[in-house]
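Here's a quick tour for anyone meeting this structure for the first time. Have a look at it below, then read on for helix packing and a ligand site.

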Amino acid sequence: MEILSMVLRNLLARPVRSLLTLLGVLIATTSMVLFLSFGEGLRRSLAQELTRVGPAIQLVPEGMEGLGFSGYPEITPEEYRRAVAAGKELGVRSIIPTLFLVRGGFDPQTSFFFQGLPQGVAPDLLYPGVKVREGRLLPSAKGAIVGAKVAKRSQLSLGSPLRLSPRVELWVEGILEESGGLADNLIFVPLKPLQEVLGTQNYTALLVALNPGQKAEEVARALEASLPGLKAQTTGDVMRFAERALRISDLVRFGISLVALIVGGLLVANTVMMSVYERTREFGVMRALGAKRGFIFRLVVLEALLLSSLGGLLGLLLGSAVSQAINLYTLEQVGLALSAVTFRLSLFALLVALGLGLSAGILPAYHASRIPVVEALGRV
Amino acid sequence: MTSVLRAENLGKRYRQGEKEVVALEGFTFAFPQGSTAVVGPSGSGKTTLLNLLAGFDLPTEGGVYLGELALNRLSEDQRAEVRLKHMGFVFQQWNLIPTLTAWENVAFPLLLAGLPPKARKERALELLERVGLLERAHHLPSRLSGGEQQRVALARALALDPPILFADEPTGNLDATSREQVASLLFEAGEKRTLILVTHDLELASQADRILHLKGGRLVRVATPAPG
Ligand SMILES: Nc1ncnc2c1ncn2[C@@H]1O[C@H](COP(=O)(O)OP(=O)(O)OP(=O)(O)O)[C@@H](O)[C@H]1O
Ligand SMILES: [Mg+2]
């Protein structure tokens, strides 16, 4: 019969009210965990993806850093030639121009992500480890190598036609094995037909593969110095840029979940305050028997802490379960686990729940511990 | 234990807007070992006196002393500590903590005093046996009769074996049989202690070693009832 079991008993004595409060905290924590899990998921996927990318440096137009491969290709053939010359001087292994094209709508089901490769470059140079399941790995001038997920989703098989525009049509020549990475969702095609569709000679990015022993950061800075208008990003740069953007979006998402958290906190405060009013006489008896103010204070704060930490824990569990369900869906749809309930997110959620309980409990607890004994005893 | 409880020129005034109510005035008395009943008409200051003696409230005049210790010089928490170590209480009703079973109620002062769990339970059961309620040890107060509740409260008051015992109308809500039972246990416990019993019930008071008569907040008579 310790203090904690006294607190627990008191909560169990009013089961419906305690349960409703618990539910409030649970929902608040679940929503916070889910909101924040998207940021964690993106971080994790990004990190995994980047370690899988072959070339260590990407050259992109200034102002496009970190945006990935969206937008109109802006690197001119002239810039490419200068980059090749600069690369040769620095002794890099190769410079691969690439081009991205997205066809379709917002629904990942019907979208196609094309990546253009120069003649003679196979997808495994950019995504080391990808293997071909059927057909060939290196596309011919009119051929396309299709990622496993795209093939499954759109029911493509060897020989299937792919129409990029009314005048440009390619044929599936190879289907990749599932790798669990970005490549599963891409269609690799020669650069020429993509440039034809877009009506340009330009490229989206230049990928720089290094020779063993070369330092990505150093080469990147040297390339930038000799190529005005281009930005050289290492995977580390991309990570740092993404981290900045993710942190801002974390704050925004936390801000949204704050509303639920505040409501949950008010619920706890209300429940504890009601229980304090109902137990005034009880506290009077305890004080009369020799309990100090701190004892009453602890009794009440613990009640709030127990409610909120239990609600927080259950919310974390529910949040993790929902996050798993979301991942099952997004893995199926776009091949990425969008949501991750990481250790530090779990810890954060529990701390927030505890902080919630503490701030909801302190005022009622202070009030309860300050009622004069005579007054408390007088109330029945 | 020579810590005699003493009141010196004790007084309490309440201010109610313009008017001032004198609830107790010039009360001086040293409570000897044995039982002392405090009687008087309603509003004569009995509860006020008990509140001051127990340190629930502070006087507006005079002081309460436990041996050499001046109660009104102590802080709220220090007075709580004095109560825990030196005083036991039985009130009229709603004495027990409703979410705790009978034995846990008895063990509550032992918890405050920091005794280990095993010792607490042993002592609580022993005390319940003494008031004849061992078989009710695991019942919640709501399942006990009024008389049983008061006996549990008495067992709890004795938990730390305090030298001073307070009771405010302990039999107020009981039928005749329970009243007898609680009264005899109470006076038995009061024999070797200082029992201070506040009551309207003259029949109950007559069993005490002495009776203090209050009237209009003043101590008007100290009587020794005829034995038997
Ligand atoms: N908090 C208070 N504020 C103002 N007056 C009070 C307060 N408490 C008690 N009084 C007054 O002090 C006087 C003594 O009250 P007290 O409760 O001590 O009487 P009592 O002898 O215990 O009466 P009863 O037998 O009815 O319990 C009464 O006139 C009462 O109205
Ligand atoms: Mg009274």
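How are helix 5 of chain B and helix 6 of chain B oriented to each other? They are roughly parallel, since angles under 35 degrees count that way and these two axes cross at roughly 10°. Keep in mind that this is a predicted model.

**Helices 5 and 6 of chain B**
- Helix 5 of chain B covers residues 146-157, helix 6 of chain B covers residues 176-190, and their axes come within 9 Å.
- On the helix 5 side of chain B, the residues making contact are B:Gly147, B:Gln150, B:Arg151 and B:Leu154.
- Facing them from helix 6 of chain B are B:Ser178, B:Gln181, B:Val182, B:Leu185 and B:Leu186.

**Helices 3 and 4 of chain B**
- Here the axes of helix 3 (residues 102-112) of chain B and helix 4 (residues 117-130) of chain B come within 8 Å, crossing at roughly 125°.
- With that angle, helix 3 of chain B and helix 4 of chain B are oblique to each other.
- The crossing of helix 3 of chain B past helix 4 of chain B is right-handed.
- Helix 3 of chain B brings B:Ala102, B:Trp103, B:Val106, B:Ala107, B:Leu110 and B:Leu111 to the contact.
- Helix 4 of chain B answers with residues including B:Arg120, B:Lys121, B:Arg123, B:Leu127 and B:Leu128.
- The tally for this contact is 10 nonpolar, no polar and 3 charged residues.

**Helices 10 and 11 of chain A**
- Over in chain A, helix 10 (residues 293-334) packs against helix 11 (residues 343-370) at an angle of about 150°, with the axes 7 Å apart.
- That angle makes helix 10 of chain A roughly antiparallel to helix 11 of chain A.
- Helix 10 of chain A goes past helix 11 of chain A in a right-handed crossing.
- The residues of this contact split into 18 nonpolar, 7 polar and 2 charged.

**Around ligand 1**
- Chain B residues surround ligand 1, among them B:Tyr14, B:Gln16, B:Ala23, B:Pro41, B:Lys46, B:Thr47, B:Thr48 and B:His200.
- B:Ser42 has a polar side-chain atom 2.5 Å from an oxygen atom of ligand 1.
- B:Gly43 places a backbone N or O atom 2.9 Å from an oxygen atom of ligand 1.
- For B:Gly45, a polar backbone atom is 3.0 Å from an oxygen atom of ligand 1.

Methods
Residues are numbered from 1 along each chain as its sequence is written. Chains are lettered from A and ligands numbered from 1 in the order in which they are written. This is a predicted model: local features need pLDDT of at least 70, side-chain atom pairs count only at pLDDT 80 or more; totals for chains, interfaces and linings use all residues. Side-chain values use heavy atoms; hydrogens and water are left out. Axes are lines fitted to C-alpha atoms, for helices over the stretch in contact, and angles run from 0 to 180 degrees between N-to-C directions. Helices (H or I, at least four residues) and strands (E, at least two) are DSSP runs, numbered from the N terminus. Angles under 35 degrees count as roughly parallel, over 145 as roughly antiparallel, 65 to 115 as roughly perpendicular and the rest as oblique. A crossing is left-handed if the near helix is turned anticlockwise from the far one by less than a right angle, and right-handed if clockwise. Contact means heavy atoms within 4.5 Å. Ala, Val, Leu, Ile, Met, Phe, Trp, Tyr, Cys and Pro count as nonpolar, Asp, Glu, Lys and Arg as charged, and the others, Gly among them, as polar. A residue is near a molecule or strand if one of its heavy atoms lies within 4 Å of it. A polar contact is a pair of N or O atoms within 3.5 Å; within protein, one must be able to donate a hydrogen and the other to accept it, and residues adjacent in sequence count only if both atoms are side-chain atoms.
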